[in-house]
Amino acid sequence: MNADTRPLHVKPPQALLLAGWLFASIFFLYAFVLRVSPSVMVDDLMREFAVGGAILGNLSAVYFYVYASIQIPVGVAIDRLGARRLATGAAAICTAGVMVFAGAENIEIAYLGRFLIGLGCACSFVAALSVAAIWFPTRFALLGGLAQAFGVLGGILGQAPFGYAVEQVGWRDTNWAVAVGGAILTVCLFLTVRDKARAHDEPARPLLEGLKRALSNRQTWLAAIFGVGMTGSMLAFGGLWGVPFLIEARGMAKPEAAALASVMFFGWGIGAPMIGWLSDKLGKRRRFMVAGGLLATTGISLVILFPTMPLPMLQTVLALQGFGSATMVLSFAVAREHNPIWANSAALGIINSFVVGSGAVLQPFIGYLLDLGWDGRMADGARVYALETYGAAFVVLPLFCAAGVVAACFIRQPR
């Protein structure tokens, strides 16, 4: 029985609701694997398609372009249609995109594959948040943090394990295997995700009313700026350019560099549910956001300035940077609490649009800056950038973090 015809007094079993949230969160994990996996295929893709840093940055960022551009429509659609149909269809589109990318014979087809991947993955996080907001509203920040932790686990899996698979069987076969997992996930989403029926006395609102309400709210915009500041460095550094940077700075092999970069996601994965839980328990948002923002700004600055620091110290700094950046999950809580329930998904879509959009802007922009400073060195058909060039290009990362801290200072604590 679907959400439109199910009697209002009948609530799906709690176990089924939790399973729906779980698989929606796993969908976000899957999306994050695909989001960061280009970082361990940089050399392979440069060599395969004979491109430089800027073009490769755009190939990776196509995911972010489409993902970010349709977050608001996704939020509006979830408010109107529910998460079940959108999440299931989106997972199927994402799986098709992975298949296209795996079989790409030229850069244009690879772009198409990344486009479809971004289009499908665009529903993942908002769907998980929507399920949490509808069925578990008093645990929203906690479940949002746990969903973020699933995403971070995907970031870790998309680094060292994905890099190891690429080393062993090649980037094409690795992506074919990922496509099989996507097909299984699509079926699981259809079987478990459930939508809530609208009450008979609840007025039917115009399609765009929730979007207008969220966009007119100053707190929505402050939360979005904070989310951008916390996520930008994670997506640009951890999602693409951190691995080649660490290879150049420390002379590491690709799997070791990928493992080191994934420490940042490990800190994020621990921080998101912990901060969400504490924030729910104490009823505080702004204090955690400011403190986390300062920690993230300091962490990424130290990594850029001192990349050759002793390995245990660098691992600690990367973990703390990820932990601080995890406060981005509170931007979703702030947007939800400052908007009415009928505008929740639209508000969440706005936040996610800006959050993911930070990767769409920063990844190719840093690639462009790297190309400007390139000294002509090549290795096995791929461009090699000097450490000083990386340092100059990465200056924008702490600036984004600092902007997020400033925005957090003006966020109002909801009553």
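## Overall form

Of the 415 residues of the protein, 58% count as buried, where buried means under 20% relative accessible area, exposed over 50% and partly exposed in between, with a 1.4 Å probe and protein chains only. The model is predicted: local features need pLDDT of at least 70, side-chain atom pairs count only at pLDDT 80 or more, and totals for chains, interfaces and linings use all residues. Residues are numbered from 1 along each chain as its sequence is written, and side-chain values use heavy atoms, with hydrogens and water left out.

The secondary structure comprises 19 helices and two strands; these are DSSP runs numbered from the N terminus, helices being H or I of at least four residues and strands E of at least two. Along its principal axes, the C-alpha trace spans about 70 × 45 × 35 Å. A compact globule with 415 residues would have a radius of gyration near 22 Å, and the 20 Å of the protein agrees with this; the radius is taken over C-alpha atoms, and the globule rule is 2.2 Å times the number of residues to the power 0.38. Among contacts (heavy atoms within 4.5 Å) between residues at least 6 apart in sequence, 84% join residues at least 24 apart.

## Cavities

On a 1 Å grid over the protein atoms alone, a cavity is a set of points where a 1.4 Å probe fits but cannot get out, while a pocket is an open set with protein on both sides within 12 Å along at least five of seven lines; lining residues have an atom within 4 Å of a point. Grid points are joined across faces, edges and corners, and a volume is the space filled by probe spheres set on the points. By this rule there are two cavities of 30 Å³ or more.

The largest cavity has a volume of about 50 Å³. Its lining includes Phe28, Phe32, Phe125, Trp268 and Asn352, and helix 1 (14-36) and helix 17 (344-372) are the elements that give two or more residues to it. By class, this lining has seven nonpolar, three polar and one charged residues; Ala, Val, Leu, Ile, Met, Phe, Trp, Tyr, Cys and Pro count as nonpolar, Asp, Glu, Lys and Arg as charged, and the others, Gly among them, as polar. The second largest cavity holds about 30 Å³, and helix 3 (residues 53-69) gives the most to its lining, with three residues.

## The second largest pocket

The second largest pocket contains about 320 Å³ of space. It is lined by 23 residues, of which Asp43, Pro244, Ile247, Arg383 and Val384 are the closest to its centre. Helix 12 supplies the largest share of the lining, five residues. The lining divides into 15 nonpolar, one polar and seven charged residues.

Phe32 belongs to helix 1 and counts as buried because its relative accessibility is 0%. Leaving aside residues up to four places away in sequence, Phe32 touches several residues, including Gln148, Gly155, Leu235 and Trp268. Phe32 and Gly155 are 123 residues apart in sequence, yet 5.4 Å apart in space, C-alpha to C-alpha.

Helix 7 is mostly covered, with eleven of its twelve residues buried; among them are Phe125 and Trp135. At 1.5 Å a residue, the twelve residues of helix 7 (residues 124-135) should span 16 Å, and the 17 Å between its end C-alpha atoms agrees. The expected span is 1.5 Å times one less than the number of residues.
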